[in-house]
Amino acid sequence: MAAAAVAEALAESVQRIVAISPDRVSEDGPEAFDPFRRAVTQASRGRDAPPSQLLGPVESKEMVLKFLVALHGCKKMYRRQVVAVMAVLMHEKLWLKSLLQIEGFPEDLPEDLRLIVEEEQKRVEDEPEEAELPETEEASTARRSSRLDKSVQQLAAARFQLQQIGFCATDTDAAGEAFTVFNRAVLWIVQSPEQEDDELLSKMEEKENVLEFLADFHDRRPKHRARITQLCVRLLEFETWREALASSNPSVAATLHALTGLSAPVRASTAVNLDTAAELAASRGCIGALYLRIVSAKALPKDAPAPFVRASAFGAAAQRTETAAAVNAAPRWDATPFVFEVPTPDASITIEVLSSDETGDDLLGSVSFKVLEKAPESKMPKLMSLPLDAGGSLDLELLFRAAKSGGYAPRGTQSVVAGLTAALWDLENAKVEDGWIVSGVKGGASGLACPAGHPIDKRKEGMSWRQSFLQGETKLCNLCSSEIHRHETRWRCFHHCDFNVCEKCYVKAASAQ
(Lines give C-alpha, C1' and ligand atoms only; values in the text may rest on other atoms or scores of the structure.)
Protein backbone atom coordinates (compact mmCIF):
# COMPACT_ATOMS: atom_id res chain seq x y z
CA MET A 1 0.00 0.00 0.00
CA ALA A 2 1.54 3.31 -1.10
CA ALA A 3 1.84 6.24 1.29
CA ALA A 4 -0.99 8.12 -0.47
CA ALA A 5 -3.29 5.11 -0.09
CA VAL A 6 -2.46 4.81 3.62
CA ALA A 7 -3.14 8.51 4.15
CA GLU A 8 -6.45 8.21 2.30
CA ALA A 9 -7.46 5.17 4.38
CA LEU A 10 -6.65 7.09 7.57
CA ALA A 11 -8.67 10.11 6.48
CA GLU A 12 -11.69 8.04 5.45
CA SER A 13 -11.70 5.99 8.64
CA VAL A 14 -11.42 9.15 10.76
CA GLN A 15 -14.44 10.62 8.97
CA ARG A 16 -16.46 7.52 9.88
CA ILE A 17 -15.38 7.79 13.52
CA VAL A 18 -16.18 11.51 13.77
CA ALA A 19 -19.67 10.87 12.36
CA ILE A 20 -20.58 8.57 15.28
CA SER A 21 -22.38 10.23 18.17
CA PRO A 22 -21.17 9.34 21.69
CA ASP A 23 -24.35 7.40 22.47
CA ARG A 24 -23.86 5.18 19.38
CA VAL A 25 -20.27 4.03 20.02
CA SER A 26 -21.36 0.64 21.35
CA GLU A 27 -23.51 -0.07 18.28
CA ASP A 28 -21.57 1.58 15.45
CA GLY A 29 -18.07 1.82 16.93
CA PRO A 30 -16.63 -1.59 15.98
CA GLU A 31 -17.45 -1.18 12.30
CA ALA A 32 -15.74 2.23 12.20
CA PHE A 33 -12.81 1.13 14.35
CA ASP A 34 -11.64 -1.81 12.20
CA PRO A 35 -10.59 0.22 9.11
CA PHE A 36 -8.92 2.82 11.34
CA ARG A 37 -6.97 0.08 13.17
CA ARG A 38 -5.79 -1.41 9.86
CA ALA A 39 -4.70 1.98 8.56
CA VAL A 40 -2.83 2.86 11.76
CA THR A 41 -1.08 -0.52 11.76
CA GLN A 42 0.01 -0.02 8.16
CA ALA A 43 1.23 3.50 8.88
CA SER A 44 3.19 2.35 11.93
CA ARG A 45 5.28 -0.07 9.89
CA GLY A 46 7.10 2.82 8.21
CA ARG A 47 7.48 1.02 4.89
CA ASP A 48 5.59 3.54 2.79
CA ALA A 49 6.61 6.69 4.66
CA PRO A 50 7.76 7.64 8.18
CA PRO A 51 4.87 7.07 10.64
CA SER A 52 4.97 10.70 11.75
CA GLN A 53 4.45 11.80 8.15
CA LEU A 54 1.29 9.69 7.86
CA LEU A 55 -0.16 9.93 11.37
CA GLY A 56 0.86 13.50 12.23
CA PRO A 57 -1.44 15.34 9.74
CA VAL A 58 -4.55 13.30 10.65
CA GLU A 59 -7.33 15.69 11.66
CA SER A 60 -9.78 15.50 14.58
CA LYS A 61 -7.27 13.85 16.87
CA GLU A 62 -9.12 14.68 20.09
CA MET A 63 -12.42 13.28 18.77
CA VAL A 64 -10.68 10.09 17.65
CA LEU A 65 -8.98 9.66 21.02
CA LYS A 66 -12.26 10.16 22.90
CA PHE A 67 -13.87 7.58 20.59
CA LEU A 68 -11.11 5.05 21.30
CA VAL A 69 -11.46 5.51 25.06
CA ALA A 70 -15.25 5.14 24.80
CA LEU A 71 -14.94 1.98 22.68
CA HIS A 72 -12.43 0.58 25.17
CA GLY A 73 -14.98 1.13 27.94
CA CYS A 74 -18.08 -0.31 26.29
CA LYS A 75 -16.65 -3.15 24.18
CA LYS A 76 -14.44 -5.39 26.30
CA MET A 77 -13.68 -7.74 23.43
CA TYR A 78 -12.05 -4.82 21.53
CA ARG A 79 -9.83 -3.64 24.38
CA ARG A 80 -6.65 -5.38 23.23
CA GLN A 81 -6.97 -3.91 19.75
CA VAL A 82 -7.70 -0.44 21.14
CA VAL A 83 -4.65 -0.68 23.39
CA ALA A 84 -2.46 -1.68 20.43
CA VAL A 85 -3.73 1.30 18.37
CA MET A 86 -3.27 3.73 21.26
CA ALA A 87 0.28 2.50 21.77
CA VAL A 88 1.09 3.42 18.16
CA LEU A 89 -0.62 6.80 18.32
CA MET A 90 0.96 7.81 21.64
CA HIS A 91 4.41 7.21 20.14
CA GLU A 92 3.70 10.18 17.84
CA LYS A 93 4.24 13.47 19.65
CA LEU A 94 1.32 15.29 18.01
CA TRP A 95 -1.11 12.59 19.15
CA LEU A 96 0.37 12.53 22.65
CA LYS A 97 0.08 16.31 22.84
CA SER A 98 -3.56 16.16 21.71
CA LEU A 99 -4.43 13.62 24.37
CA LEU A 100 -2.80 15.65 27.13
CA GLN A 101 -4.96 18.64 26.12
CA ILE A 102 -8.17 16.72 26.80
CA GLU A 103 -9.61 17.59 30.21
CA GLY A 104 -9.12 14.81 32.74
CA PHE A 105 -6.58 12.90 30.65
CA PRO A 106 -4.49 10.94 31.38
CA GLU A 107 -5.65 10.78 35.02
CA ASP A 108 -9.12 9.47 34.16
CA LEU A 109 -7.97 6.93 31.58
CA PRO A 110 -8.32 3.19 32.24
CA GLU A 111 -5.16 1.78 33.79
CA ASP A 112 -3.89 -0.01 30.66
CA LEU A 113 -4.24 3.14 28.53
CA ARG A 114 -2.84 5.40 31.24
CA LEU A 115 0.30 3.26 31.50
CA ILE A 116 0.93 3.70 27.78
CA VAL A 117 0.62 7.47 28.06
CA GLU A 118 2.89 7.66 31.10
CA GLU A 119 5.57 5.52 29.41
CA GLU A 120 5.50 7.71 26.31
CA GLN A 121 5.71 10.87 28.40
CA LYS A 122 8.80 9.48 30.11
CA ARG A 123 10.32 8.46 26.76
CA VAL A 124 9.85 11.97 25.37
CA GLU A 125 11.49 13.44 28.45
CA ASP A 126 14.44 11.02 28.33
CA GLU A 127 15.15 11.10 24.59
CA PRO A 128 16.24 14.44 23.14
CA GLU A 129 15.22 15.17 19.59
CA GLU A 130 17.75 14.30 16.90
CA ALA A 131 18.94 17.16 14.76
CA GLU A 132 17.88 16.81 11.15
CA LEU A 133 20.71 16.47 8.60
CA PRO A 134 20.59 18.46 5.36
CA GLU A 135 18.89 16.36 2.73
CA THR A 136 21.84 16.17 0.34
CA GLU A 137 22.47 12.80 -1.28
CA GLU A 138 25.54 12.23 0.87
CA ALA A 139 23.66 13.16 4.04
CA SER A 140 20.75 10.89 3.08
CA THR A 141 23.12 7.97 2.50
CA ALA A 142 24.86 8.64 5.80
CA ARG A 143 21.52 8.79 7.60
CA ARG A 144 20.38 5.44 6.13
CA SER A 145 23.69 3.84 7.06
CA SER A 146 23.49 5.25 10.58
CA ARG A 147 19.92 3.98 11.05
CA LEU A 148 20.85 0.52 9.80
CA ASP A 149 23.85 0.34 12.11
CA LYS A 150 21.65 1.33 15.03
CA SER A 151 19.10 -1.33 14.06
CA VAL A 152 21.79 -4.02 13.97
CA GLN A 153 23.18 -2.95 17.34
CA GLN A 154 19.81 -2.70 19.07
CA LEU A 155 18.56 -6.07 17.80
CA ALA A 156 21.84 -7.78 18.71
CA ALA A 157 21.70 -6.27 22.22
CA ALA A 158 18.10 -7.39 22.65
CA ARG A 159 18.82 -10.94 21.54
CA PHE A 160 21.84 -11.11 23.83
CA GLN A 161 19.76 -10.09 26.85
CA LEU A 162 17.10 -12.66 26.01
CA GLN A 163 19.76 -15.35 25.67
CA GLN A 164 21.27 -14.33 29.00
CA ILE A 165 18.01 -15.14 30.79
CA GLY A 166 17.47 -18.26 28.68
CA PHE A 167 14.32 -16.76 27.10
CA CYS A 168 12.72 -17.35 30.50
CA ALA A 169 10.54 -14.85 32.40
CA THR A 170 10.84 -16.51 35.82
CA ASP A 171 12.98 -13.62 37.07
CA THR A 172 10.44 -10.94 36.25
CA ASP A 173 12.83 -8.04 36.89
CA ALA A 174 15.45 -9.38 34.46
CA ALA A 175 12.68 -10.34 32.03
CA GLY A 176 11.29 -6.80 32.21
CA GLU A 177 14.66 -5.33 31.31
CA ALA A 178 15.10 -7.76 28.39
CA PHE A 179 11.58 -7.04 27.17
CA THR A 180 12.17 -3.28 27.25
CA VAL A 181 15.36 -3.59 25.19
CA PHE A 182 13.73 -5.90 22.64
CA ASN A 183 10.58 -3.77 22.43
CA ARG A 184 12.66 -0.65 21.82
CA ALA A 185 14.64 -2.40 19.07
CA VAL A 186 11.51 -3.65 17.30
CA LEU A 187 9.84 -0.24 17.52
CA TRP A 188 12.93 1.41 16.02
CA ILE A 189 13.02 -1.08 13.15
CA VAL A 190 9.34 -1.12 12.18
CA GLN A 191 9.17 2.66 12.18
CA SER A 192 12.29 3.01 10.06
CA PRO A 193 11.73 3.80 6.36
CA GLU A 194 14.64 1.54 5.38
CA GLN A 195 13.78 -1.91 3.93
CA GLU A 196 17.04 -3.37 5.24
CA ASP A 197 15.76 -2.93 8.80
CA ASP A 198 12.74 -5.09 8.06
CA GLU A 199 14.99 -7.84 6.72
CA LEU A 200 16.96 -7.86 9.97
CA LEU A 201 13.83 -8.48 12.03
CA SER A 202 12.35 -10.92 9.53
CA LYS A 203 15.50 -13.06 9.52
CA MET A 204 16.15 -12.90 13.26
CA GLU A 205 16.99 -16.33 14.66
CA GLU A 206 15.33 -18.08 17.63
CA LYS A 207 11.88 -16.67 16.85
CA GLU A 208 10.05 -19.52 18.59
CA ASN A 209 12.08 -18.90 21.75
CA VAL A 210 11.22 -15.20 21.63
CA LEU A 211 7.50 -15.94 21.22
CA GLU A 212 7.61 -18.39 24.13
CA PHE A 213 9.27 -15.70 26.25
CA LEU A 214 6.59 -13.15 25.35
CA ALA A 215 3.79 -15.61 26.23
CA ASP A 216 5.49 -16.44 29.54
CA PHE A 217 6.11 -12.78 30.38
CA HIS A 218 2.50 -11.97 29.51
CA ASP A 219 1.27 -14.47 32.10
CA ARG A 220 3.64 -13.24 34.81
CA ARG A 221 3.32 -9.48 34.35
CA PRO A 222 -0.31 -8.39 33.73
CA LYS A 223 0.64 -4.69 33.87
CA HIS A 224 2.84 -5.15 30.80
CA ARG A 225 0.11 -6.77 28.70
CA ALA A 226 -0.63 -3.65 26.69
CA ARG A 227 3.00 -3.32 25.62
CA ILE A 228 3.30 -7.05 24.94
CA THR A 229 0.18 -6.89 22.77
CA GLN A 230 1.60 -3.96 20.83
CA LEU A 231 4.90 -5.75 20.30
CA CYS A 232 3.28 -9.02 19.17
CA VAL A 233 1.06 -7.20 16.70
CA ARG A 234 4.14 -5.59 15.18
CA LEU A 235 6.11 -8.86 15.00
CA LEU A 236 3.27 -10.83 13.46
CA GLU A 237 3.01 -8.38 10.58
CA PHE A 238 6.01 -10.32 9.26
CA GLU A 239 5.32 -13.62 7.50
CA THR A 240 8.39 -15.31 9.02
CA TRP A 241 7.16 -14.50 12.53
CA ARG A 242 3.69 -15.87 11.71
CA GLU A 243 5.37 -19.05 10.48
CA ALA A 244 7.29 -19.28 13.75
CA LEU A 245 4.04 -18.87 15.68
CA ALA A 246 2.46 -21.70 13.69
CA SER A 247 5.38 -23.94 14.73
CA SER A 248 5.29 -22.93 18.38
CA ASN A 249 4.03 -24.86 21.36
CA PRO A 250 0.19 -24.88 21.05
CA SER A 251 -0.24 -23.32 24.50
CA VAL A 252 2.13 -20.47 23.53
CA ALA A 253 0.31 -20.03 20.24
CA ALA A 254 -3.03 -19.88 22.08
CA THR A 255 -1.77 -17.04 24.29
CA LEU A 256 -0.49 -15.01 21.34
CA HIS A 257 -3.55 -15.70 19.19
CA ALA A 258 -5.65 -14.24 22.01
CA LEU A 259 -3.38 -11.21 22.29
CA THR A 260 -3.28 -10.32 18.62
CA GLY A 261 -6.64 -11.53 17.35
CA LEU A 262 -5.06 -13.92 14.84
CA SER A 263 -7.17 -16.96 14.04
CA ALA A 264 -5.95 -20.31 15.28
CA PRO A 265 -5.32 -22.87 12.51
CA VAL A 266 -7.46 -26.01 12.40
CA ARG A 267 -5.42 -29.19 12.09
CA ALA A 268 -6.79 -32.23 10.32
CA SER A 269 -5.55 -35.02 12.55
CA THR A 270 -3.48 -35.80 15.61
CA ALA A 271 -1.29 -38.62 16.86
CA VAL A 272 -0.32 -39.13 20.50
CA ASN A 273 1.58 -42.11 21.88
CA LEU A 274 0.47 -42.26 25.50
CA ASP A 275 2.44 -45.47 26.07
CA THR A 276 5.66 -43.64 25.23
CA ALA A 277 4.64 -40.69 27.39
CA ALA A 278 4.05 -43.04 30.32
CA GLU A 279 7.46 -44.70 29.90
CA LEU A 280 9.19 -41.33 29.69
CA ALA A 281 7.34 -40.36 32.85
CA ALA A 282 8.66 -43.48 34.58
CA SER A 283 12.23 -42.61 33.56
CA ARG A 284 11.83 -39.40 35.58
CA GLY A 285 10.39 -41.15 38.63
CA CYS A 286 6.68 -40.66 37.82
CA ILE A 287 3.92 -43.27 37.80
CA GLY A 288 2.44 -42.59 34.37
CA ALA A 289 0.92 -40.04 31.98
CA LEU A 290 -2.39 -38.17 31.96
CA TYR A 291 -4.20 -37.21 28.78
CA LEU A 292 -6.51 -34.19 29.18
CA ARG A 293 -8.60 -32.47 26.53
CA ILE A 294 -11.01 -29.60 27.19
CA VAL A 295 -14.27 -29.83 25.23
CA SER A 296 -16.79 -27.23 26.46
CA ALA A 297 -18.45 -25.53 29.41
CA LYS A 298 -22.11 -25.17 30.32
CA ALA A 299 -24.11 -22.71 32.39
CA LEU A 300 -21.21 -20.51 33.44
CA PRO A 301 -22.24 -17.91 36.07
CA LYS A 302 -21.84 -15.04 33.58
CA ASP A 303 -21.05 -14.26 29.98
CA ALA A 304 -17.44 -13.37 29.28
CA PRO A 305 -15.58 -12.31 26.15
CA ALA A 306 -13.11 -14.84 24.74
CA PRO A 307 -13.11 -17.34 27.63
CA PHE A 308 -10.31 -19.89 27.84
CA VAL A 309 -9.26 -22.78 30.07
CA ARG A 310 -5.97 -23.17 31.94
CA ALA A 311 -4.73 -26.45 33.41
CA SER A 312 -2.12 -26.47 36.20
CA ALA A 313 -0.73 -29.78 37.33
CA PHE A 314 2.02 -31.10 39.58
CA GLY A 315 4.11 -27.93 39.60
CA ALA A 316 4.56 -27.82 35.82
CA ALA A 317 4.00 -24.63 33.84
CA ALA A 318 0.29 -24.07 33.20
CA GLN A 319 -1.13 -24.96 29.81
CA ARG A 320 -4.04 -23.15 28.16
CA THR A 321 -6.54 -23.56 25.37
CA GLU A 322 -7.31 -21.18 22.56
CA THR A 323 -10.09 -18.72 23.39
CA ALA A 324 -13.66 -19.57 22.47
CA ALA A 325 -15.01 -17.66 19.50
CA ALA A 326 -18.28 -16.46 21.00
CA VAL A 327 -19.31 -14.45 24.05
CA ASN A 328 -21.68 -16.74 25.91
CA ALA A 329 -22.16 -18.78 29.04
CA ALA A 330 -21.66 -22.08 27.18
CA PRO A 331 -18.37 -21.79 25.24
CA ARG A 332 -16.96 -24.70 23.24
CA TRP A 333 -13.24 -25.19 22.68
CA ASP A 334 -12.68 -28.71 21.25
CA ALA A 335 -9.15 -27.93 22.34
CA THR A 336 -5.62 -29.12 21.90
CA PRO A 337 -5.06 -32.08 24.24
CA PHE A 338 -2.46 -31.87 27.00
CA VAL A 339 -0.39 -34.79 28.26
CA PHE A 340 0.99 -34.40 31.79
CA GLU A 341 3.33 -36.69 33.65
CA VAL A 342 1.81 -37.83 36.97
CA PRO A 343 4.38 -37.89 39.81
CA THR A 344 2.51 -39.73 42.59
CA PRO A 345 -0.71 -41.73 43.16
CA ASP A 346 -2.31 -38.83 45.09
CA ALA A 347 -1.34 -36.09 42.57
CA SER A 348 -4.03 -33.48 41.83
CA ILE A 349 -4.75 -31.17 38.92
CA THR A 350 -6.54 -27.79 38.85
CA ILE A 351 -8.50 -26.60 35.83
CA GLU A 352 -9.73 -22.99 35.61
CA VAL A 353 -12.14 -21.27 33.23
CA LEU A 354 -11.09 -17.64 32.77
CA SER A 355 -11.68 -14.49 30.80
CA SER A 356 -8.68 -12.29 30.09
CA ASP A 357 -8.05 -8.62 29.41
CA GLU A 358 -5.03 -6.31 29.48
CA THR A 359 -4.94 -5.99 33.25
CA GLY A 360 -5.42 -9.61 34.34
CA ASP A 361 -7.51 -12.77 34.22
CA ASP A 362 -11.07 -12.98 35.54
CA LEU A 363 -11.81 -16.39 37.10
CA LEU A 364 -15.20 -17.77 36.03
CA GLY A 365 -14.92 -21.12 37.80
CA SER A 366 -12.52 -23.94 38.62
CA VAL A 367 -12.35 -27.61 39.54
CA SER A 368 -9.59 -29.62 41.24
CA PHE A 369 -9.37 -33.40 41.59
CA LYS A 370 -6.98 -36.25 42.19
CA VAL A 371 -6.00 -37.80 38.88
CA LEU A 372 -6.43 -41.46 39.81
CA GLU A 373 -9.89 -40.81 41.26
CA LYS A 374 -11.26 -39.39 38.00
CA ALA A 375 -9.12 -40.50 35.07
CA PRO A 376 -9.82 -44.01 33.76
CA GLU A 377 -7.05 -46.38 32.71
CA SER A 378 -8.28 -47.76 29.40
CA LYS A 379 -7.59 -47.56 25.68
CA MET A 380 -9.71 -44.50 24.89
CA PRO A 381 -10.24 -41.13 26.61
CA LYS A 382 -13.43 -40.89 28.64
CA LEU A 383 -15.76 -37.92 28.15
CA MET A 384 -17.06 -36.57 31.48
CA SER A 385 -18.71 -33.47 32.95
CA LEU A 386 -17.33 -31.96 36.17
CA PRO A 387 -19.06 -29.24 38.26
CA LEU A 388 -17.26 -25.90 38.66
CA ASP A 389 -17.01 -24.26 42.06
CA ALA A 390 -18.74 -21.05 40.94
CA GLY A 391 -21.56 -22.81 39.10
CA GLY A 392 -21.88 -24.51 35.75
CA SER A 393 -19.86 -27.46 34.50
CA LEU A 394 -16.85 -28.30 32.36
CA ASP A 395 -16.85 -31.12 29.79
CA LEU A 396 -13.50 -32.78 29.24
CA GLU A 397 -11.82 -36.03 28.20
CA LEU A 398 -9.44 -37.88 30.51
CA LEU A 399 -7.24 -40.92 30.18
CA PHE A 400 -4.50 -42.18 32.50
CA ARG A 401 -1.80 -44.56 31.30
CA ALA A 402 0.39 -46.24 33.92
CA ALA A 403 4.00 -46.97 33.04
CA LYS A 404 4.65 -50.67 32.33
CA SER A 405 8.24 -50.48 33.52
CA GLY A 406 9.16 -49.83 37.14
CA GLY A 407 12.02 -49.44 39.57
CA TYR A 408 12.97 -45.93 38.48
CA ALA A 409 14.26 -43.45 41.03
CA PRO A 410 13.13 -39.83 40.75
CA ARG A 411 15.73 -37.63 39.06
CA GLY A 412 15.03 -34.00 38.49
CA THR A 413 11.74 -32.57 37.34
CA GLN A 414 8.74 -34.70 38.20
CA SER A 415 6.13 -32.44 36.63
CA VAL A 416 6.42 -32.46 32.89
CA VAL A 417 4.15 -31.95 29.92
CA ALA A 418 5.12 -34.99 27.88
CA GLY A 419 3.20 -34.23 24.70
CA LEU A 420 1.46 -31.12 23.45
CA THR A 421 -0.50 -31.97 20.35
CA ALA A 422 -2.79 -30.29 17.94
CA ALA A 423 -6.31 -29.79 16.74
CA LEU A 424 -9.92 -30.76 16.97
CA TRP A 425 -10.71 -34.19 18.33
CA ASP A 426 -13.56 -36.31 17.01
CA LEU A 427 -13.94 -39.05 19.61
CA GLU A 428 -15.96 -41.26 17.26
CA ASN A 429 -13.13 -41.27 14.73
CA ALA A 430 -10.31 -41.65 17.23
CA LYS A 431 -8.49 -44.98 17.17
CA VAL A 432 -5.63 -46.70 18.91
CA GLU A 433 -3.04 -48.22 16.59
CA ASP A 434 0.06 -49.85 18.09
CA GLY A 435 -0.08 -47.60 21.14
CA TRP A 436 -0.87 -44.43 19.17
CA ILE A 437 -4.15 -42.56 19.62
CA VAL A 438 -4.99 -41.13 16.19
CA SER A 439 -7.90 -38.74 15.65
CA GLY A 440 -9.50 -37.30 12.55
CA VAL A 441 -8.67 -38.23 8.98
CA LYS A 442 -5.15 -39.40 8.32
CA GLY A 443 -2.95 -37.54 5.93
CA GLY A 444 -1.72 -39.23 2.80
CA ALA A 445 1.98 -38.43 2.87
CA SER A 446 4.36 -40.84 1.20
CA GLY A 447 7.76 -41.57 2.63
CA LEU A 448 8.63 -40.75 6.24
CA ALA A 449 5.47 -39.73 8.13
CA CYS A 450 4.00 -39.71 11.63
CA PRO A 451 1.15 -42.13 12.49
CA ALA A 452 -1.39 -39.45 11.55
CA GLY A 453 0.07 -39.40 8.03
CA HIS A 454 1.82 -36.03 8.20
CA PRO A 455 5.19 -35.84 6.45
CA ILE A 456 8.23 -35.62 8.74
CA ASP A 457 9.85 -32.53 7.22
CA LYS A 458 10.28 -29.97 10.00
CA ARG A 459 13.80 -29.66 11.37
CA LYS A 460 14.08 -28.69 15.05
CA GLU A 461 17.45 -27.51 16.35
CA GLY A 462 17.27 -28.70 19.93
CA MET A 463 14.73 -27.67 22.56
CA SER A 464 13.98 -24.26 23.99
CA TRP A 465 14.22 -23.55 27.73
CA ARG A 466 10.46 -24.01 28.01
CA GLN A 467 10.40 -27.36 26.24
CA SER A 468 13.33 -28.52 28.34
CA PHE A 469 11.59 -27.46 31.54
CA LEU A 470 8.27 -29.00 30.56
CA GLN A 471 9.43 -32.12 28.77
CA GLY A 472 12.81 -32.95 30.32
CA GLU A 473 16.28 -32.91 28.81
CA THR A 474 15.70 -35.69 26.28
CA LYS A 475 13.19 -37.09 23.81
CA LEU A 476 13.07 -40.55 22.25
CA CYS A 477 13.36 -41.24 18.54
CA ASN A 478 10.13 -43.02 17.61
CA LEU A 479 11.96 -45.08 14.97
CA CYS A 480 15.07 -46.38 16.74
CA SER A 481 14.21 -45.52 20.40
CA SER A 482 17.54 -43.74 20.90
CA GLU A 483 17.65 -40.64 23.11
CA ILE A 484 17.61 -37.22 21.45
CA HIS A 485 19.31 -34.81 23.82
CA ARG A 486 18.31 -31.22 24.35
CA HIS A 487 20.85 -29.65 21.97
CA GLU A 488 20.60 -32.29 19.22
CA THR A 489 18.66 -31.98 15.97
CA ARG A 490 15.34 -33.78 15.66
CA TRP A 491 12.67 -33.98 12.98
CA ARG A 492 8.88 -33.93 13.27
CA CYS A 493 5.74 -32.98 11.36
CA PHE A 494 4.25 -29.48 11.30
CA HIS A 495 1.14 -30.56 13.23
CA HIS A 496 2.66 -30.99 16.71
CA CYS A 497 2.05 -34.71 16.77
CA ASP A 498 4.03 -36.35 19.57
CA PHE A 499 6.39 -38.08 17.10
CA ASN A 500 10.13 -37.37 16.90
CA VAL A 501 12.84 -38.70 14.59
CA CYS A 502 16.57 -38.44 15.24
CA GLU A 503 18.96 -37.05 12.64
CA LYS A 504 20.43 -40.48 11.84
CA CYS A 505 17.04 -42.07 11.12
CA TYR A 506 15.92 -39.07 9.08
CA VAL A 507 19.04 -39.20 6.86
CA LYS A 508 18.63 -42.96 6.44
CA ALA A 509 14.96 -42.60 5.44
CA ALA A 510 15.71 -39.74 3.07
CA SER A 511 18.47 -41.68 1.31
CA ALA A 512 16.15 -44.68 0.86
CA GLN A 513 13.56 -42.63 -1.08
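Guide: The following conversation sets values from this structure against the definitions of the terms.
Guide: This is a predicted model, in which local features need pLDDT of at least 70 and side-chain atom pairs count only at pLDDT 80 or more, while totals for chains, interfaces and linings use all residues. Residues are numbered from 1 along each chain as its sequence is written, and side-chain values use heavy atoms, with hydrogens and water left out.

Visitor: What makes two rings an aromatic pair?
Guide: Rings of Phe, Tyr and Trp (its six-membered ring) pair if their centres lie within 6.5 Å; planes under 30 degrees apart are stacked, over 60 edge-to-face, and the rest tilted. By this rule there are six aromatic pairs.

Visitor: Why is the pair of Phe-33 and Tyr-78 called edge-to-face?
Guide: The centres of Phe-33 and Tyr-78 are 6.1 Å apart and the angle between the planes is 85°. The limits are within 6.5 Å for the centres and over 60 degrees for the planes, so the pair is edge-to-face.

Visitor: Which parts does this pair tie together?
Guide: Phe-33 lies in helix H2 (residues 25–44) and Tyr-78 in the loop between helix H4 (61–74) and helix H5 (79–90), so the pair ties together parts 45 residues apart in sequence. Helices (H or I, at least four residues) and strands (E, at least two) are DSSP runs, numbered from the N terminus.

Visitor: How do you know whether Phe-33 is buried or exposed?
Guide: Buried means under 20% relative accessible area, exposed over 50%, and partly exposed in between (1.4 Å probe, protein chains only). Phe-33 has 0%, so Phe-33 is buried. Tyr-78, with 16%, is buried as well.

Visitor: Why is the pair of Phe-338 and Phe-340 given its name?
Guide: Their ring centres are 6.2 Å apart and their planes are at 70°, so this pair is edge-to-face. Phe-338 is buried at 1% relative accessible area, and Phe-340 is buried at 0%.

Visitor: What makes the phi of Ser-60 worth noting?
Guide: Most residues other than glycine have a negative phi. Ser-60 is not a glycine, yet has a positive phi of about 60°. Ser-60 lies in the loop between helix H3 (51–55) and H4. Its relative accessible area is 32%, so Ser-60 is partly exposed.

Visitor: Where is Asp-334 found, and is Asp-334 buried or exposed?
Guide: Asp-334 is in the loop between strand E4 (319–320) and strand E5 (338–342). With 19% relative accessible area, Asp-334 is buried.
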